[in-house]
Amino acid sequence: MYGANGVIGTADGFNAERDSTIVGRVGSYCGIVHYARERCWVTDNAIIATAREGVNPRYVYYLLKGLGLNHHRIGSGQPLLTHAILNGLAVRDVPREGQDAVAEILGALDDKIAANEGIAAAADDLVRARYTELAASAPGSVRLDELGRPVTVNVPAADIRPGENYIGLEHIAKRHMWLSGWADASAVLSVKKRFRAGDVLFAKLRPYFHKVGLAFVDGVASTDVHVVRPVDGRHRGWLLAALSSDEVVAHASALSDGTRMPRVKWADLARREVPWPGEPRAREFGAFADAIAARVEAAAAESAALAALRDALLPELLTGRIEATP
């Protein structure tokens with residue numbers, strides 16, 4: 001099921017066919033474009049664009065992606081795109097052969113990015129499965145504050161250096177333990193927390209969203225995130241898996257304060273007992289998780305480079321400044 005900003009859940013039925021392009025229609029994600037390979041359900045927060053007969057469906061996606069649709073929206077308080085606006089946009093007429101070539105070139109880059117995302121998802125499943133297996137037979141338990149300590153020092157916006165990386169809640173995917181996305185901190189205007197590569201970030205705001213992940217880079221994070229640093233680097237993997245486990249997230253959700261914007265305190269998380277497999281197995285698991293994290297990090301770096309190349313090629317191919325050949 002797609003909303004304005006992509007997949008938001010699942011549905012029993014579908015209202016869009018395979019190879020449809022989904023365009024965010026309303027709100028802050030107005031103009032965001034997604035490609036649906038399979039049949040899907042699209043909410044009324046988005047518009048379904050279907051290729052006409054004889055038109056390459058994936059070319060339609062890249063065409064709409066390259067039009068900067070956000071600049072064509074109307075309204076200020078609640079931005080809006082309409083079918084009439086989209087239908088009224090003039091575009092370059094490209095024969096089918098050229099459409100196929102553009103879709104093939106850009107699609108190959110996106111396919112590799114998707115494969116890398118598959119690696120990250122499989123790695124997440126593998127770490128969780130191994131943790132669950134060891135936790136089930138663990139002879140003892142340990143408090144979370146014996147595995148990790150919070151970074152509590154705040155960094156004023158004036159002390160954030162140009163070019164630093166910034167991770168906010170929007171950069172932490174749900175139930176995905178690898179933090180492979182971030183933004184430039186140059187636009188940050190408020191107090192943040194500094195983190196280092198290898199720290200675990202745990203979203204304390206609305207913890208039921210299950211946003212927990214391992215940082216691959218240094219940077220600054222939203223104050224709505226607990227930055228947790230391993231006491232012993234050899235236990236980083238166990239700390240990550242424990243904090244990202246369903247049990248700890250459920251515990252955090254149950255203890256969070258507030259109705260509309262619940263937050264969980266580190267003190268409440270710190271006292272949580274988690275399974276402990278013993279020192280040798282914990283270190284072995286840590287080495288296992290570190291190796292997998294390194295592979296995911298490499299894949300994420302490759303994807304970032306491929307995305308930059310795709311975004312640079314997109315306007316050149318669509319305008320014909322670079323000729324696309326099959």
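Helix α8 covers residues 279-319, and its axis packs against that of α5 at about 80 degrees, 6 Å apart. Axes here are lines fitted to C-alpha atoms, for helices over the stretch in contact, with angles running from 0 to 180 degrees between N-to-C directions. On the α5 side, Arg-236, Gly-237, Trp-238 and Ala-241 meet Phe-285, Gly-286, Ala-289 and Asp-290 of α8; contact means heavy atoms within 4.5 Å.

A word on what you're looking at: this is a predicted model, where local features need pLDDT of at least 70 and side-chain atom pairs count only at pLDDT 80 or more, while totals for chains, interfaces and linings use all residues. Residues are numbered from 1 along each chain as its sequence is written, and side-chain values use heavy atoms, with hydrogens and water left out.

Helix α5 (residues 236-243) also meets α3: their axes come within 10 Å and cross at roughly 95 degrees. That puts α3 roughly perpendicular to α5. From α3, Val-127, Tyr-131, Leu-134 and Ala-135 make the contact, and α5 brings Trp-238, Ala-241 and Ala-242.

Now for α3 itself. This helix has 41 residues and spans 57 Å from first C-alpha to last, close to the 60 Å expected at 1.5 Å a residue; that expected span is 1.5 Å times one less than the number of residues. At Gly-107, α3 bends by about 30 degrees, the bend being the angle between axes fitted to the seven residues ending there and the seven starting there.

Leaving out residues up to four places away in sequence, Tyr-62 touches Ala-103, Leu-106, Gly-107, Asp-110, Leu-314 and Leu-318. Its side chain makes a polar contact with the side chain of Asp-110 and also reaches the backbone nitrogen of Gly-107. A polar contact is a pair of N or O atoms within 3.5 Å; within protein, one must be able to donate a hydrogen and the other to accept it, and residues adjacent in sequence count only if both atoms are side-chain atoms.

Further along α3 (residues 96-136) comes Asp-124. Setting aside neighbours within four places, Asp-124 is in contact with Arg-175, His-176, Met-177 and Trp-178. A polar atom of the Asp-124 side chain lies 2.8 Å from the backbone nitrogen of Met-177.

Arg-175 sits in the loop between β9 (165-167) and β10 (178-179), and its phi is near 50 degrees, a positive value in a residue other than glycine. His-210 also has a positive phi, about 60 degrees, without being a glycine; its loop runs between β13 (200-203) and β14 (212-215). Most residues other than glycine have a negative phi.

Here is how accessible these residues are (buried is under 20% relative accessible area, exposed over 50%, partly exposed in between; 1.4 Å probe, protein chains only):

| Residue | Relative accessible area | Class |
|---|---|---|
| Tyr-62 | 1% | buried |
| Asp-124 | 2% | buried |
| His-210 | 8% | buried |
| Arg-175 | 38% | partly exposed |

Notes:
Helix = DSSP H or I, 4+ residues; strand = E, 2+ residues; numbered from the N terminus. Parallel < 35°, antiparallel > 145°, perpendicular 65-115°, else oblique.
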